[in-house]
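Reader: I am new to this structure and would like to learn how to read it. Please take me through it one feature at a time.

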Amino acid sequence: MSTTACVVLAAVAFAAGFVLARRRPALPEGGWKDEATFTTLHIAAMAAPSLRAGLTKESARRAVRHLRALLGTSALAITSTDAALAWDGACTDEVLTHARAALASGRPHVFAGEPYGAVVVPLTVEGTVVGALAAYDEELSAALVRTVTEVARWVSGQLELAELDSSRKRAMEAEMRALRAQISPHFVYNALTTIASFVRTDPDRARELILDFADFSRYALRKARDFTTLADELTCVDRYLLLERARFGDRLRFSVQVAPEVLPVPVPFLCLQPLVENAIKHGMRGHDGKGEVRVVVRDAGPEAHISVEDDGMGMEPERARQVLDDDPRNQGNGIGLANVDVRMRQIYGEAYGLVVETAVGAGTKVRLRVPKARHSSL
């Protein structure tokens, strides 16, 4: 929860003590304050998950009874800018009329009435009014107005967090679309050129390579999900290696060793192929245009450990750090290590970034760890 949300929640706990105090008999000195705080935080915690889904009929329906319990009023309603989404208790027919007044002004409004008066406070997301919280009770007071206002601020904070979650998800989807667009155009050109070279000399080989290219493209350019299985990622890598082997011939050697028990492990989409592409690009620069790439996937208890190694020229460790620190969008010749590194840390945490082991003349090994338990992507 953000600092702002925590401050607002603290204010809610303080203000709601007034409502809880007038609804319950006094307790022995020293015990009431603790119980009021606990009750307030507990009820708020029950309402929060629904509000984090955004302001909808369903989320309002699930949250409204908890918010009414938090306020201790006779009735409570949640509205959008144009409709009553949910209510708990006997709300009046004037709820939308009351809400529109508060929505139009952007400020809390108090309405006298029989048998219930109303305190209506706008709900906002990033300064924009998105709805209203309307509390109805027989007794209106300045303390109740403050309490409803603080609860509305807390609700607004939860809705802002929901919007941040939604924005993050949209950003991730945009990143995945960009990721598919970053499949190296040089690889596509070289693969098609290689296939063309076999059309007359070895038509059967050309047909097999076309099918391999189609399988690779179908996977890499499909409607991307946040996760796939390690088995699918390795199939993609296998097709990629077959196409590169057709291009380089015996100059490229590769081996893939996989522990079968980790094949179902969920992994981020397109997290391995970029590492193999990088290994081939750097591995083929030395040894008279020859190189070897080794992919090893091990079972490590709660994690799968993956390494992609080449025997190329290697690089200075400082250069490896620069590669990982580079803006992923600046890598125009493929997806790149930085892109994979950023996604791994976003999904699993900072401890799960790529580890690059390299030295001049000693080749390069890139290691990553993937928890077996699936994590939610942003």
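Reader: Which residues are linked in a network of salt bridges?

Author: A salt bridge is a side-chain nitrogen of Lys or Arg within 4 Å of a carboxyl oxygen of Asp or Glu. Here D212, D215, R218, D238 and R239 are joined in such a network. Searching the whole structure gives 19 salt bridges.

Reader: What should I know about the model and its numbering?

Author: The model is predicted: local features need pLDDT of at least 70 and side-chain atom pairs count only at pLDDT 80 or more, while totals for chains, interfaces and linings use all residues. Residues are numbered from 1 along each chain as its sequence is written, and side-chain values use heavy atoms, with hydrogens and water left out.

Reader: How many helices and strands are there in the protein chain?

Author: Helices (H or I, at least four residues) and strands (E, at least two) are DSSP runs, numbered from the N terminus. The protein chain has eleven helices and twelve strands.

Reader: Which parts of the chain does the pair D88 and R68 link?

Author: The side chains of D88 and R68 form a salt bridge, at 3.1 Å from N to O. This pair links distant parts of the chain, with D88 in strand β2 (residues 84-89) and R68 in helix α3 (residues 57-71), 20 residues apart. Another bridge joins K372 and D299, whose closest N and O atoms are 2.5 Å apart. Here too distant parts are linked: K372 lies in the segment after β12 (364-371) and D299 in strand β9 (residues 291-300), 73 residues apart.

Reader: How far apart are R153 and E150 in helix α5?

Author: They are separated by about one helical turn, because they are three residues apart in that helix. Their side chains meet in a salt bridge (3.2 Å, N to O).

Reader: Is E150 buried or exposed?

Author: Buried means under 20% relative accessible area, exposed over 50%, and partly exposed in between (1.4 Å probe, protein chains only). E150 has 17% relative accessibility, so it counts as buried. Buried residues make up 47% of the 378 residues in the protein chain.

Reader: Which residues touch the most other members of the largest nonpolar core?

Author: In soluble globular proteins, nonpolar side chains tend to be buried together. A nonpolar core is a set of buried Ala, Val, Leu, Ile, Met, Phe, Trp, Tyr and Cys residues joined through side-chain atoms within 4.5 Å. The largest core here has 52 residues, and L272, L275 and I280 touch the most other members. Helix α8 (residues 230-248) gives this core its largest share, nine residues. Apart from it lies another core, of 28 residues, among them I43, L71, V119 and L123.

Reader: Which residues does V145 touch?

Author: Contact means heavy atoms within 4.5 Å. Leaving aside residues up to four places away in sequence, V145 touches V110 and V119. V145 belongs to helix α5 (residues 142-181) and is partly exposed, with a relative accessible area of 22%. The C-alpha atoms of V145 and V119 are separated by 6.3 Å, although the two are 26 residues apart along the chain. Over the protein chain, 66% of the contacts with a separation of 6 or more are between residues 24 or more positions apart.
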